[in-house]
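Hi,

Here is the structure I said I would pass on.

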Amino acid sequence: MSNETGASTATFRIWRGNSSGGAFHDYTTEISEGMVVLDAVHRIQAEQANDLAVRWNCKAGKCGSCSAEINGNPRLMCMTRLNALPLTDPVTIEPMKAFPLVKDLVTDVSWNFRVKPQIKKFTPRLPDASDGTWRMAQADVDRVQEFRKCIECFLCQDVCHVLREHRLFEYFIGPRFFVNTAALDMHPLDTANRTADLRQNQGVGYCNITKCCTNVCPEGIKITDNAIIPLKERVVDQYFDPLRKLFRIFR
Amino acid sequence: MAEYETHDYEVLVIGAGGAGLRAAIEASANQARVGVVTKSLLGKAHTVMAEGGIAAALSNVDERDNWRVHFADTMRGGQYLNNWRMAELHAKEAPDRVRELEAWGALFDRTKDGRILQRNFGGHRYPRLAHVGDRTGLEMIRTLQDYGIHAGMEVHMECTVITLLKDDGRIAGAFGYDRERGRFLLFRAKAVVLATGGIGRAYKITSNSWEYTGDGHALAYEAGASLMDMEFVQFHPTGMIWPPSVRGILVTEGVRGEGGVLKNSDGRRFMFDDIPENYRAQTADNEEEGWRYTQGDRDARRPPELLTRDHVARCILREVREGRGSPHGGVFLDIAWIKNRLPNGAEHIKRKLPSMYHQFKQLADIDITQEPMEIGPTTHYMMGGVRVDADSQMSDVPGLFAAGECGAGLHGANRLGGNSLSDLLVFGKRAGEYAARFAKNNGAASVDPQQIDAAAQRALEPFNRTGESPFQVQQDLQELMQNLAGIVRREEEMQHALIELRRLEERANRVAVAGNREYNGGWHTALDLRNLITVSEIITRAGIERKESRGAHFREDFPSKNDAVGRCNIIVRRDVSGEMQVIREPLAEMPAELKQIIEEMK
Ligand SMILES: Cc1cc2nc3c(=O)[nH]c(=O)nc-3n(C[C@H](O)[C@H](O)[C@H](O)COP(=O)(O)OP(=O)(O)OC[C@H]3O[C@@H](n4cnc5c(N)ncnc54)[C@H](O)[C@@H]3O)c2cc1C
Ligand code: SF4
Ligand code: SF4
Ligand code: FES
């Protein structure tokens, strides 16, 4: 909607509340060329709702802080342009649903930070050269860079039904941490074996390859195809390959 | 004293960017009990945004490189105001710190023989920046974060420190609140490391995140430490300028390193028009040579687009002022042209600069492989900060250390790109080590209950008032600093800024916030405002005192260098009566062997 000066307005339906309850509130604010959803939220915070809670840092898609559900789609608020949304209806902005609500658009994502230390840490082989350094080919490095692009926005965790609907937080580490495990496992220097953990207490078996995680990843990481499926194959190779099984029995 | 949740540490690190994490890792490795406090979540600090790389004379790409060349480059870039001892330590130790990151799991791009690849950057004589595409900061912070969580430190995420605590002159801890619930937290500590980053939010156009409100600078000042070089604010020449909502977001110098050129509205490469005397011998004087340099020709000299940031930013401003700017008030940065030179040029650009490609595509509907970008200067980095001892990083306040962007000394009047990430590693490690040592050698300090209760009470005042919104005051402050203490400065304007800052301070003391203490954006902004105003005043006063133009500090009323003030650092501290004191302090004499290096490298 435009007025005479060329400035236009749009309405945003933002979730306001905390763990004890809340409701959507409509805010109409001026919008200008190139604006992203986070800009609109900031304008609303500055002009109409000073105490609005919103988490962000970089406003450049690099830190993974500003995750939310925009018109029902899990996205980074700072990388969602208003001109990509229909503005005839209010734009709904809600917090991520898989995590406990703190306030308004901010959720308690601390579970993720407790999961990470459970993954076996990077364990390099002995250095290749006498000066304590390693030699690696660019091609080997390139293979894992995809996983290392992860900005820990936790949008993939938010959409994964194992967490979102089934709430298996205790048994399943979620797509973000499969990506993390893949980054370590396929690191050219790493020597640790994480397969037993994946199967036993990290629940890779719960993933039924729906690819919802891949579809929301703002970094375009092919989470399911490139990280989870190869990890599942490792589990199969190690545990269900008949020859290997025999080998384990005789050892 | 009221009851507060209390934590006891030997070393408390404030900040979880590269410097804070490196300090915490080192202090833990030295058997200290370490706590880390950070305003945001772990892994989100500003360091995550760094793009171009980490400067270290590994000499993997050009064997002529070594610490002496890196030292000389850093000093030249800083216009010799740098603390020479820090520049020396930095140049010598950076390679080990980079190799250590690799041993902790960081994966850098490789040379053909499998070693860490290095790229060209402004002001560095040889290719020197270890990098991972254009997301080096992410690689660095994730490596430190993932190593750190197994190193034994305790992390308090989303907690903000609002005051430092002292006991009879020495540091005793810090007091703050958790952002989620708004509860106060008391940290008792024998040593404190400040690693809070920069001040960019004092300006309207900035590449910096919301966290950059100069907290560490202001906390240290209030605790009686000296700040140094605060007039030197780096304006990065290439920030996005269009559309308005992305104004300020950084366009990495890597674009120019890969062959990107700057042009005005006449299509002229204006950087050839003004090459400073002290760089003339190392700068290409024709387009052909500049191009060869970016493609790794070791005999070619660097194109003028890769001159130091202060100079490039001013040249851009000149073009705009003289009417040769781009439609939205910047100039053009063109990388698409390299398609004329390289087969598969478009693919090459996407591979070398993936996040830049993405950023322009997504935020500005521009395909940088096809059309030029519009860019202009953006507030980027604070060279000044807490004055520290070069070896230990301790400030004038016993037990208070500072590292990373909130510390001062390494960069002098202008920082070279890539020298910040290496700074974080080298001096983060040193700060952690010496803080642990200080904690071992000194008994427990006691905290002052009155000081703490007073800080808590003051922090809550905005809830008990009715008045203006903190966001409005913050915006007005940013506008003021942008206009009156920005890239080009003048005495009357800065004097005027001081008067206006007084007014803003009065307004800040009257702002009101609604709602309760739970994750309240307005309240957080109200508390950050005090720090922003303190650092703005310090920047302005230091800027008035330096009556010359040098590095990032450009005075229209004193456009050239002046040796009298040019041989001094400007120190700002609080005097006994609580007034802001501005002092010129002569530079320390450089040892003969370092002087000789500089002579040799001229
Ligand atoms: C877009 C961009 C690109 C860059 N690219 C490069 C590059 O390629 N190479 C290079 O060398 N440099 C680069 N820089 C500069 C470099 O990234 C920063 O100078 C550096 O990361 C600062 O690190 P730090 O550890 O000092 O602080 P930060 O990483 O900013 O960390 C500060 C920490 O302090 C915490 N904190 C602040 N105040 C408080 C408080 N009151 N209480 C508790 N915690 C607090 C914050 O939460 C945060 O955890 C770039 C900067 C930007 C903006
Ligand atoms: S593919 Fe697996 S991990 Fe990803 S959303 Fe589906 S179930 Fe979850
Ligand atoms: S894998 Fe993708 S969606 Fe998941 S946390 Fe990382 S960046 Fe976000
Ligand atoms: S604010 Fe950093 S990703 Fe959106």
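Let me start with ligand 2: the residues in the shell around it split into seven nonpolar, four polar and one charged. Keep in mind throughout that this is a predicted model. The shell is made up of A:Cys160, A:His161, A:Pro175, A:Cys207, A:Asn208, A:Ile209, A:Thr210, A:Lys211, A:Cys212, A:Cys213, A:Thr224 and A:Ile228. Two helices of chain A, α8 (212–216) and α9 (223–239), contribute at least two residues each to that shell.

Over in chain B, have a look at B:Lys39. You'll find this lysine in the loop that runs between β2 (34–37) and β3 (54–55) of chain B. Is B:Lys39 buried or exposed? With a relative accessible area of 11%, B:Lys39 is buried, because anything under 20% counts that way. Its side chain gets to 3.4 Å from the backbone oxygen of B:Glu211. Leaving out residues up to four places away in sequence, B:Lys39 touches a whole list of others, including B:Glu158, B:Arg179, B:Trp210, B:Asp215 and B:Asp528.

Next, the aromatics. Searching the whole structure turns up 15 aromatic pairs over all chains. One of them is B:Tyr4 with B:Phe184, an edge-to-face pair at 6.2 Å centre to centre, with 90 degrees between the planes. B:Tyr4 is in the segment before β1 (5–14) of chain B and B:Phe184 is in strand β9 (residues 184–194) of that chain, so this pair ties together parts that are 180 residues apart in sequence. Both partners are buried: B:Tyr4 has a relative accessible area of 14%, and B:Phe184 comes in at 8%.

B:Trp67 and B:Phe71 also make an edge-to-face pair, with 6.2 Å between centres and 65 degrees between the planes. These two sit four residues apart in helix α2 (residues 67–77) of chain B, so about one helical turn separates them. B:Trp67 is partly exposed at 25% relative accessible area, while B:Phe71 is buried at 0%.

Back in chain A, A:Phe172, A:Phe178 and A:Tyr206 come together as one aromatic cluster.

In chain A, the charged end of A:Arg199 is over the ring of A:Tyr239, 4.4 Å from the ring's centre. In chain B, B:Arg415 lies over the face of B:Tyr381, at 4.1 Å from the ring centre.

Cheers

Key:
Residues numbered from 1 in each chain as written. Chains lettered and ligands numbered in written order. Predicted model: local features only at pLDDT ≥ 70, side-chain atom pairs only at ≥ 80, totals over all residues. Heavy atoms only, no water. Buried < 20%, exposed > 50% of the residue type's maximum accessible area, 1.4 Å probe, protein only. Polar contact = N/O pair within 3.5 Å; in protein donor to acceptor, adjacent residues only side chain to side chain. Contact = heavy atoms within 4.5 Å. Near = heavy atom within 4 Å. Nonpolar A, V, L, I, M, F, W, Y, C, P; charged D, E, K, R; others polar. Phe/Tyr/Trp six-rings, centres within 6.5 Å; stacked < 30°, edge-to-face > 60°. Lys NZ or Arg CZ within 6 Å of the ring centre and 35° of its normal.
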